[in-house]
Amino acid sequence: MESLPCEIVSKILSQLNVRDWIQCIQVSRSWFVMIPKAVSDIWNHVSIDKDTFPCLTSVRRFPSVQSISVDANHCESTLYAALQHVAACQVSFLELKQARIYSVGRFFKMLEILSMHLKSLTLNITSAAFMDFAHILNTCPHLFHFGYTSDIFVQFDPAKDHLSNLNFHPHLISLSLYTGQAHYDILSILQSCPNLKALKLDVVMPLDCRQILETLPQIEYLHIGSFSILADVVWEPREHEDGLWYLCLEYYKNNIVSNGNWALQKHHRTLRTLHVEHIDPDCLALNYDKLEVLSCRGKNRSHNNSSSRNSSRNSNRRAEGEANGDEDMSEGDSDEADLADLLNQCPNLQALDLCDSSGCLSQSIVNAILRLSSLKTASFLLVNQHETRVYRDQLVRSLAQLPQLTRLDIQIEYFEQRALNAISCIRTLQELYLESSRRSLGVSFDVLAAIQNLRFLGITRFGEFSVDGLVLLRRLETVFFEHCRSVANLLALIDRAPPRLREIILMECLGYDVSVKTLIDHARKQQVEITVHQKVLDHLRE
């Protein structure tokens with residue numbers, strides 16, 4: 001093997017997992033030196049779990065590793081043994097997943113050993129004794145990223161300052177903090193880390209957006225709310241960005257976050273990604289010409305103290321709507337008009353996530369979306385209210401006019417065949433996710449064969465349907481079915497699989513026209529990987 005060219009060795013080793021690599025480096029001294037070099041780009045990051053740990057401990061001297069991820073959802077002593085075994089590797093990035101830490105003193109002793117070279121630390125603690133947040137940061141003074149997630153309920157003594165011993169951390173530029181029910185003094189933490197450029201917070205205490213932004217003048221990325229949203233973007237340093245380019249205020253509507261409108265007025269010209277539940281009327285007319293990603297999950301609400309201003313604005317909109325042939329503009333249409341105004345201020349929008357749970361879709365919103373010629377990704381949650389159904393159907397049909405649209409994620413309360421027919425006209429799609437809130441019956445997916453560029457298809461919560469037409473999608477790579485009642489002719493799809501089809505995923509579907517064993521056997525012959533959720537197997541055995 002030593003005589004083979006490096007490119008061939010690298011290609012061979014790239015097919016192996018970490019456990020195989022660990023076994024290979026024990027073959028001989030030359031392999032110990034050669035293998036880490038041949039797969040240096042993959043070897044730099046090693047994931048340790050209960051399966052790879054026994055192999056790891058069998059190696060006396062471990063090759064140099066920069067990044068380690070430890071799945072610590074098992075014995076605490078195993079976690080410490082794994083960390084101690086790689087302590088000499090000068091680890092720069094450490095992630096602990098589902099860590100159960102009960103011996104706090106032992107944990108900090110191990111952290112001190114690793115802290116000299118540690119640049120990034122991410123802790124996900126599921127159950128443990130309480131660990132002092134300030135003590136963790138003080139133990140690792142060279143960190144530039146710190147992520148802390150904990151579901152531990154902590155009842156602090158209000159008379160005691162738990163952050164009084166927090167040192168000054170000028171190197172820290174990224175902080176991710178999820179504290180569950182614990183109440184920390186966020187401003188005290190931020191004042192000790194004045195050079196933060198990225199801040200993610202999912203906390204229960206009220207926060208003032210203006211105070212945060214004024215405390216962190218160099219911030220580029222501010223995310224307040226859930227850590228799992230569609231418009232979420234991972235922060236990484238950008239050379240040509242000047243100012244706040246990412247803003248997520250998920251709890252703005254619930255008054256947990258205040259002064260969100262001040263943040264928009266201050267930074268609207270630099271924003272590239274914006275996730276909000278609603279926007280105050282004063283911020284609708286701002287120029288968002290750099291905005292590329294917009295996620296709006298809630299209904300815009302007009303405040304009572306600005307009702308006169310909104311009344312005059314709505315009268316102007318009604319006049320404009322009549323001039324444009326939009327005769328449906330009425331007194332109660334301020335919400336959709338507000339959203340249309342916002343979309344009209346975003347000429348460079350590339351991704352749109354719109355939730356119409358309140359049923360405020362209108363002609364003005366449809367027209368505004370049609371003007372987004374740069375739109376590449378669209379996600380819609382649409383209701384089945386009778387008064388907005390005509391606009392919903394018109395929106396789906398009109399998406400075919402967007403020349404760059406490649407991904408569509410659409411959730412409708414009840415899918416009808418005409419909606420699928422309209423989607424099949426969007427020939428530019430490469431990824432399509434269809435979800436029905438209730439199981440839709442009597443629909444055929446054969447019409448989707450017209451989307452010849454489709455690579456990924458996800459279907460969720462549909463009734464009985466056939467997948468015959470999918471065999472015509474020559475570029476299809478992955479098919480995903482979830483919570484579907486019955487998938488017919490799936491065996492035909494496998495036997496006549498498109499040339500690029502490599503994966504079929506079945507999640508909690510109720511039944512098929514053949515046994516799962518037959519599906520798996522045929523998929524193996526066609527070199528198609530098929531994944532069936534365990535609950536499905538249990539159901540079929542019964």
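**Figure 1. Confidence along the predicted chain.** Across residues 299–335 the pLDDT stays under 50, and the model has 44 contacts for this stretch beyond four places in sequence. Here pLDDT is the predictor's confidence in each residue, from 0 to 100, and a contact means heavy atoms within 4.5 Å. The protein chain averages a pLDDT of 75, with 70% of the residues scoring at least 70. Helices (H or I, at least four residues) and strands (E, at least two) are DSSP runs, numbered from the N terminus. The structure is a predicted model, in which local features need pLDDT of at least 70 and side-chain atom pairs count only at pLDDT 80 or more, while totals for chains, interfaces and linings use all residues. Residues are numbered from 1 along each chain as its sequence is written, and side-chain values use heavy atoms, with hydrogens and water left out.

Figure 2. Helix 7 spans residues 104–114, and its residues F107, F108, M110, L111 and L114 are buried. Viewed down the helix axis, these buried residues fall within an arc of 160°, so they line one face of helix 7. The arc is that of the directions from the helix axis to the C-beta atoms. Exposed residues G105 and K109 are carried on the face turned away from the buried side. Buried denotes under 20% relative accessible area, exposed over 50%, and partly exposed the range in between (1.4 Å probe, protein chains only).

**Figure 3. Aromatic pairs.** Rings of Phe, Tyr and Trp (its six-membered ring) pair if their centres lie within 6.5 Å; planes under 30 degrees apart count as stacked, over 60 as edge-to-face and the rest as tilted. The count comes to nine aromatic pairs. F93 and F144 form an edge-to-face pair, 6.0 Å centre to centre with 80° between the planes. This pair links distant parts of the chain, 51 residues apart: F93 belongs to strand 3 (residues 93–101), and F144 to the loop between helix 8 (133–139) and strand 5 (145–150). The pair of Y433 and F456 is tilted, at 5.0 Å centre to centre and 35° between the planes. Since Y433 lies in strand 17 (residues 431–440) and F456 in strand 18 (residues 456–462), the pair ties together parts that are 23 residues apart in sequence. Y221, W245 and Y246 are linked by ring pairs into a cluster.

**Figure 4. Salt bridges around D393 and R418.** A salt bridge is a side-chain nitrogen of Lys or Arg within 4 Å of a carboxyl oxygen of Asp or Glu, and the whole structure has eleven salt bridges. R418 and D393 meet through their side chains in one of 3.2 Å, N to O. R418 in helix 16 (residues 417–423) and D393 in helix 15 (residues 386–398) are 25 residues apart. D393 is buried, at a relative accessible area of 10%, whereas R418 is partly exposed at 45%. A network of salt bridges links R392, D393, E416 and R418.

**Figure 5. Salt bridges of R455.** The side chain of R455 forms a salt bridge with that of E431 (3.9 Å, N to O) and another with that of E477 (3.9 Å, N to O). R455 is partly exposed, at 29% relative accessibility.
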